[in-house]
Amino acid sequence: MKHTIIALFCALMLSLPVAAMAWDGFDAETTGLVEVNTDRMPVAGDAVEIYDYDADNTFQATVLEVRRNVRTIELTVRDPETKKPRMFIMESR
């Protein structure tokens, strides 16, 4: 009985849709709040979706660099409008 319940629970958990990861953080230049949506840790060349709370819009950006520190992740992306790099400081998990 115990094994049946565990098997059913595992089957249920595996059948649930996997939600995309989202990191809360801020823009290093403007200190505006942002949220980066990705399904895994991004690497250089990846496209990520970024929600800018101050501008109330979502945009796609190309990752230029990812730096991992003890407490933060520094994500540098190319701004799609200005083509300049922007750095976002995210909470490390």
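Patches are made of residues that have over 30% relative accessible area and no salt bridge, with like charges joined within 9 Å and nonpolar side chains (Val, Leu, Ile, Met, Phe, Trp, Tyr) joined within 5 Å. A salt bridge, in turn, is a side-chain nitrogen of Lys or Arg within 4 Å of a carboxyl oxygen of Asp or Glu. Keep that in mind for later. What you're looking at is a predicted model, where local features need pLDDT of at least 70 and side-chain atom pairs count only at pLDDT 80 or more, while totals for chains, interfaces and linings use all residues. Residues are numbered from 1 along each chain as its sequence is written, and side-chain values use heavy atoms, leaving out hydrogens and water.

Let's start with the overall layout. The chain has 1 helix and 6 strands, where helices (H or I, at least four residues) and strands (E, at least two) are DSSP runs numbered from the N terminus. Read along the sequence, the pattern is α-β-β-β-β-β-β. Of the 93 residues, 28% are buried; buried means under 20% relative accessible area, exposed means over 50%, and partly exposed is in between (1.4 Å probe, protein chains only). The chain exposes about 6600 Å², and carbon and sulfur atoms supply 58% of that. Such areas come from the Shrake-Rupley method with a 1.4 Å probe, and for residues only the protein chains shown count as cover.

Now for that patch. Phe 26, Leu 33 and Tyr 53 form a nonpolar patch on the surface, with about 290 Å² of accessible area together. Leu 33 belongs to strand 2 (residues 33-38) and is exposed, at 51% relative accessible area. Tyr 53 is partly exposed, at 39%.

Asp 27 sits in strand 1 (residues 21-27) and is buried, at 3% relative accessibility. Setting aside residues up to four places away in sequence, Asp 27 touches Gly 32, Val 34, Arg 86, Met 87 and Phe 88, a contact being heavy atoms within 4.5 Å.

Val 66 lies in strand 4 (residues 57-68) and is partly exposed, at 28% relative accessibility. Its contacts, again leaving out residues up to four places away in sequence, include Met 41, Val 43 and Ile 73.
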